[in-house]
Amino acid sequence: MPASPLPTLNIEALRTILGRDADVFALDARAECDSTNTVLTESVPADDGRVPVVVCDLQRAGRGRRGRQWQAWPGASLTFSTLWRFPTGAPVPAGLSLVAGVAVASALETLGVAGVELKWPNDIQVHGRKLGGILVELASARQVAAVVGIGINLSLPPGASVPDRDDVSALDQVLDTPPARERLLAELLLSQHRLFATYAASGFAAFQDAWNQRNAYADLPVRLSGEAESIDGVCLGVDVDGALRLQTDTGVRRILAGDVSLRAAG
């Protein structure tokens, strides 16, 4: 049987955990929605100086990369999106999904999760098993703004599965005592807020080392598959602009984020 839905996330408890930083965010908790990213991209909130946050217990049409449906289960996942406005001239969107990955990894490590890995360009793993994912979308053509959607598996209900993946994990499998959803969300929001400020000022170069230190496929043979071609090589990590570097038979190739999939070779 699927997990029983949890009550809508407790906004007052979240604000208490955030403390003096609570007013940085405009918090919106919903029992259901089509997609938290869609809520923020289709109706961009007015800029009141806060970071809009939409968190939802059940996404009816959650979206992942490459047009895939985001797999989540009521009461067993944390799914939320944030809208970030950046100063004119900020390096959005280059490398933003990778910085978001570093922010998620940092938050999880703060909560005691060991073995956090980042799989280019948007997966969060723990010891090789997928724990969550990130979807970044531009929010407005009139200003430098992006929506960052994040999903974290809290538990795996009996029979839960993800298409094309048999290596999925959940927070209750990697922590003896997983945090409450409010505590987890607070850490994720604060980590994004802190790191995105650095990103706006310094670009992805400030996070290149932090990402490469958590690279799931560091110096391993991989296959990068896309619509046009598949490329085999050794993963050398990411460049200063977030491009993936592959050592191939014909030299080093730089791959910018696109409609591609990265897997271990073989």
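## Conventions and model

Angles under 35 degrees count as roughly parallel, over 145 as roughly antiparallel, 65 to 115 as roughly perpendicular, and the rest as oblique. The structure is a predicted model, in which local features need pLDDT of at least 70 and side-chain atom pairs count only at pLDDT 80 or more, whereas totals for chains, interfaces and linings use all residues. Residues are numbered from 1 along each chain as its sequence is written, and side-chain values use heavy atoms, with hydrogens and water left out.

## Overall composition

The protein chain contains six helices and 12 strands; these are DSSP runs numbered from the N terminus, with helices being H or I of at least four residues and strands E of at least two. Of its 266 residues, 50% are buried. Here buried means under 20% relative accessible area, exposed means over 50%, and partly exposed lies in between (1.4 Å probe, protein chains only). Among contacts (heavy atoms within 4.5 Å) between residues at least 6 apart in sequence, 66% join residues at least 24 apart.

## Helix packing

Helices α3 and α5 pack at an angle of about 135°, with their axes 8 Å apart. The axes are lines fitted to C-alpha atoms, for helices over the stretch in contact, and the angles run from 0 to 180 degrees between N-to-C directions. The two helices α3 and α5 are therefore oblique to each other. Their crossing is right-handed, the term for a near helix turned clockwise from the far one by less than a right angle, left-handed being the anticlockwise case. Residues of α3 in this contact include Leu96, Val99, Val104, Leu108 and Thr110, and those of α5 include Leu184, Leu188, Leu195, Phe196 and Tyr199.

Helix α5 (residues 181-202) also packs with helix α1 (residues 11-18), at an angle of about 50° and with the axes 9 Å apart. Helix α1 is thus oblique to α5. The crossing of α1 and α5 is likewise right-handed. From α1, the contact is made by Ala13, Leu14, Ile17 and Leu18; from α5, by Glu182, Arg183, Leu185, Ala186 and Leu190.

## Nonpolar cores

In soluble globular proteins, nonpolar side chains tend to be buried together. A nonpolar core is a set of buried Ala, Val, Leu, Ile, Met, Phe, Trp, Tyr and Cys residues joined through side-chain atoms within 4.5 Å. The largest such core has 61 residues, of which Leu78, Phe80, Leu108, Trp120, Leu184 and Leu244 touch the most other members. Helix α3 (residues 96-110) contributes the largest share of this core, 10 residues. Apart from this core lies another of nine residues, among them Cys33, Val54, Leu83 and Ala139.

Leaving aside neighbours within four places in sequence, Leu244 is in contact with Trp120, Leu224, Cys235, Gly237, Val238, Arg253, Arg254, Ile255 and Leu262.

## Salt bridges

Side chains of opposite charge can pair when their charged atoms come close. A search of the whole structure finds 12 salt bridges, each being a side-chain nitrogen of Lys or Arg within 4 Å of a carboxyl oxygen of Asp or Glu. Arg254, one of the contacts of Leu244, forms a salt bridge with Asp241, the closest N and O atoms being 2.4 Å apart. This pair links distant parts of the chain, 13 residues apart: Arg254 lies in strand β11 (residues 251-255) and Asp241 in the loop between β9 (230-238) and β10 (244-248). Arg254 is partly exposed at 43% relative accessible area, and Asp241 is partly exposed at 32%.

Arg85 forms a salt bridge with Asp47, with 4.0 Å between the closest N and O atoms. Because Arg85 lies in strand β3 (residues 77-85) and Asp47 in the loop between α2 (36-42) and β2 (51-59), the pair ties together parts that are 38 residues apart in sequence. Arg85 is partly exposed at 22% relative accessibility, whereas Asp47 is exposed at 54%. A further salt bridge joins Arg15 and Asp23, whose closest N and O atoms are 2.8 Å apart. Lys119, Asp123 and Lys130 are linked in a network of salt bridges.

## Surroundings of Val144

Val144 lies in the loop between β6 (129-138) and β7 (145-153) and is partly exposed, at 23% relative accessibility. Not counting residues up to four places away in sequence, Val144 touches Trp84, Arg85, Phe86, Pro87, Thr88, Ala90 and Val92. The C-alpha atoms of Val144 and Pro93 are separated by 8.8 Å, with the two residues 51 apart along the chain.
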